[in-house]
Amino acid sequence: MAADETERKTLSAGCDRLAGLLAELADAGFADTALCDLGDRCSDAATHMRTIADASSAMGVGDTVQYRRKAGGTIADAVLNLHEAKQRFDALREQPMFRWVGDVACPLDTLRTSLTELDTLYAVGGPVDIAALVNGTATPVALLTAVCACATDLHRAVARWDAASDQLWDEAELDTADLCDTLDWPAASAVLHALGTDRDGISLAADLLKYRAAVTARNLAPFADAAAVKDVPAQQIDDLYELTAISALLRAYLGGDGQELGRLGSLSLDAARQAFKKVDKELHKLEAAAIIARRLADQPPTGVGYGRKADFTELRLLENEIGLSRPRTPLRDVVHRAGQALQVLKPVWMMSPTSIAQFIRPGSLNFDLLIIDEASQMRPEFSVSCIMRADQFVVVGDANQLPPSDHFQVAGADDGDGDGDGVGVDEGTESILDLANQRFRTKPRLKWHYRSQHESLIQFSNREFYHRDLVVFPSPMANDDALLGVKCLYAPVFYPDTAYESSINQREAELVIEQAFGLMQTHPERSIGIVAMNAKQTELLQNEFDRLIVEEERVRKYVEAFAGTIDEFFIKNLENVQGDERDIILISTVYGPDKNGAVRQNFGLMNREVGWRRLNVLVTRAKMSCRLITSLRPDDVKVTEKSSKGVIAFKSYLTYAHGGAQYEDASGGETDSDFEMFVADALRAAGYDVVYQVGVEKFRIDLGVRHAACPVGFIAGIECDGAPYHSGLSVRDRDHIRQTILENLGWNIYRVWSTDWFADPARETAKLLAWLDQLRDRMTRELGSQEEPEQTVKPRQRGATAPVSPIEDQPAVDGPARDPAPNVAADSGSAGPREPRGPALRPIGDLQPHEAIRGKLYEIWRGETYLGEVEVVRRATEAPRLYGDRAVAAQSEYEGRVEATGDAFRSFDLYAAMREVAARADREP
């Protein structure tokens, strides 16, 4: 306790070391040894341990080996186990199958390598199963030795095989694994040898690679792969492409605008169609107005307006000439000196080639565009003066119509009988149209034939001369209408003493005049033209008609009504009728039997080789009706081997006209749409007769509907949104022009939308049948009113309106006020401003009539104001006859109705009734 701090720390550290040593001695088994004996016991243990270390070293135990193993037991135990294992190993070595094994101390690398080689050998595939061969042989070592001997050559062969396979793939895209995978080596060799010797196959393979590369370049490699592996038959690859393309388009469409359109029904679609038609019409008007506005903005050059009058130019010259009561400057000089001002004031000039050469000096005026119309009749030399004065020119004509005529050459094909017209025609004469057809590369052809309002008017020419290439629109009346189409009147039936002599046919001329006179009374709204096949008959007809104009006020009023218009009444010779068209054309063929019944085979211009071109012009002038008045039967025209093409065509047309102007195959067709069949079945179940694909040439209406109660052709046409609808090149063609043309021909069109039909067939069927029933009832009433003339009673009056006075010296007939014809509309949409129905007729002053119902009802408009309507109460149907010096014909009767006042009146004059409607509308405060 008296020790200092240092001593105490030293003693504490010694005690700590002593405690650790005592713990180690206790772990080593010296816990029971006294401290006094501890030194001796440790010395003995050390001696014993040295002895064990020397023995372990002698046995080869490593110096670092622990005597007590972690897995259990001591090193002595391990040595004993090793000795036991060596004894067992030595026992195994004594057996015959392991005599090749060396001492236990020898390494086993050779065995390990052999086992690895065996595993590799068993893993080798191919046509030769080496593992099976080794297992099945009694000398596997010899077999394996032989295989190893061939290894070098086999490696080189495999390398060559791989190189050849790669080359075959690079050059022909053929995979040897696909070719030989299931074959043994001899069969694979035979296949490859056959491929190598197949020269035709190599050529086809080259083509295949070329086409495949082209397809791949267009990102269509999957189609080539599908065809190559025959996943899809080759003949269906195009269908697969179409399906894929359409599917992609549909997916893109249905994800865009299609989502909105898919929700639209018939009401929305019809409203959209009506809106488009209205906007389209407005755009046409605006485009025309814009053109006029641009031209009105042009200012003509003022020119010189002082000094001598001979020095005046441009606008000043024109003003001076207009101010003179008797202009003295020649027209040629006016055009030369004021040409620029004239072009500004009148941008469009219409002149003959002779006038151009006469009035426009070379180099004085130039035009942007020249249009040569009726080019088949213009000689190339006559067109030169026109072409020189234009930057570009368009040649318009029909190579199947009249060739150029030479009025100064007397034809020599008249056989001296006086039947000729004094008009010489060189059949080899070239026209500017012929020259253009040879030189021009771009030759668009107009195929839509819109003039003829009945298919029989163009059907003959389309088949005989145009190779059925024209698109002809069908008429709803078929051959049931008394006016429309080709009608043949055989003169000897009306006048048995009909005879052709001295180049004229008097009786045939009388029949022509009677027909013209009757048509003027029954159809005063239609324009008429008369054509004769020779000049002398033309002169006779003109003289007879001039006399009729003087004697008959009704004829005079008709002629005056069309005077000065493009539809002016005419009587012309065959040679100068090209370019004219009228609603009704009367044709006098002139030729026929003489007094002895003999028919001379000289038919004037028809005997020429180009007579067929004249016939084509002759029979295609009518828009509504062509009446062939003839003294010839088809058998009267004898065709021989020497007959010209003109005579052959003339006989064919006589056969066509006498046979009712129709062909056996000109009827409906077969439908390729199940949708159309569904609609047709629904209509037939309701008592209607349905014809598929109504039409004659390249234009078809999906369904034509008839009914026994209305035996007047088709009462309606049903358009389904099938292939014809989707084939329209534009929305204007599909939804405006097509339907407008059909409605102007008299068709009542109803459109059935497939989406609505499939969504609710019963509802759509009911709507369609209700529309058809209303239409049928209206047409039945109209037919009944025409067959049974109404009794005359006083018309309906409004308030204290005075009785109707005679209209332009025509007696007014009191009659009942009839209800206006119902407007059966196929399109349902929102009500809007009233628009004119039907095609526009010839204007009467500031009045614009529209034919709302063909031949039955006319709407009267002034600008955008609806004034009223005129309805045909009764048309004269009795055939007129000429008795002595007086013509007698029944009169048609018309009823006018004023929209603003409700007044109704009757008149025998159509145009007077139209004017009276306007006059009464103007009197309304």
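Figure 1. Helix α24 (residues 535-551) lies across β6, β7 and β8 and runs at about 165° to β7. Helices (H or I, at least four residues) and strands (E, at least two) are DSSP runs, numbered from the N terminus. Axes are lines fitted to C-alpha atoms, for helices over the stretch in contact, and angles run from 0 to 180 degrees between N-to-C directions. The model is predicted: local features need pLDDT of at least 70, side-chain atom pairs count only at pLDDT 80 or more, and totals for chains, interfaces and linings use all residues. Residues are numbered from 1 along each chain as its sequence is written, and side-chain values use heavy atoms, with hydrogens and water left out.

**Figure 2. The packing of α24 with α25.** Two packed helices are described by the angle between their axes and the distance between the axes. Helix α25 (residues 553-562) packs with α24 at an angle of about 105°, and the axes are 5 Å apart. This makes α24 roughly perpendicular to α25 (angles under 35 degrees count as roughly parallel, over 145 as roughly antiparallel, 65 to 115 as roughly perpendicular and the rest as oblique). From α24 the contact (heavy atoms within 4.5 Å) takes Phe545, Leu548, Ile549, Val550 and Glu551, and from α25 it takes Glu553, Val555, Arg556 and Val559. By class, the contact of α24 with α25 has 6 nonpolar, no polar and 3 charged residues. Here Ala, Val, Leu, Ile, Met, Phe, Trp, Tyr, Cys and Pro count as nonpolar, Asp, Glu, Lys and Arg as charged, and the others, Gly among them, as polar.

**Figure 3. The five-stranded parallel sheet.** An open sheet with parallel pairing is formed by 5 strands in the order β5-β9-β8-β6-β7; two strands pair if DSSP finds at least two bridges between them. At the edges stand β5 (485-490) and β7 (570-573), each with a single partner strand, so one side of each is left without a neighbour in the sheet. From one strand to the next the twist averages 20°. Strands β6 (residues 528-532) and β8 (residues 582-588) run parallel and are joined by 5 bridges, with Ile528 opposite Ile584 in β8. Helix α21 (residues 456-464) packs on this sheet, touching β5 and β9 (622-630), and its direction makes about 80° with that of β9.

Figure 4. Thr498 is placed in the loop between α22 (491-494) and α23 (506-522). With a relative accessible area of 11%, Thr498 is buried (buried means under 20% relative accessible area, exposed over 50%, partly exposed in between; 1.4 Å probe, protein chains only). The side chain of Thr498 reaches the backbone oxygen of Tyr495 at 2.6 Å. Leaving aside neighbours within four places in sequence, Thr498 is in contact with Ala491, Pro492, Asn505, Arg507, Pro593 and Ser631.

**Figure 5. The four-stranded mixed sheet.** The order of this open sheet of 4 strands is β10-β11-β12-β13, with mixed pairing. Its edge strands, β10 and β13 (749-752), each pair on one side only. Strand β10 (residues 689-694) is mostly covered, with 5 of its 6 residues buried. The antiparallel strands β10 and β11 (residues 701-706) are joined by 5 bridges; Val691 stands opposite Gly704 and Val694 opposite Ile701. Their hairpin has 6 residues between the strands, and Gly695 takes a positive phi near 160°. Helix α28 (residues 674-685) lies across β10, β11, β12 (716-720) and β13, running at about 155° to β10.

Terms used: Polar contact = N/O pair within 3.5 Å; in protein donor to acceptor, adjacent residues only side chain to side chain.
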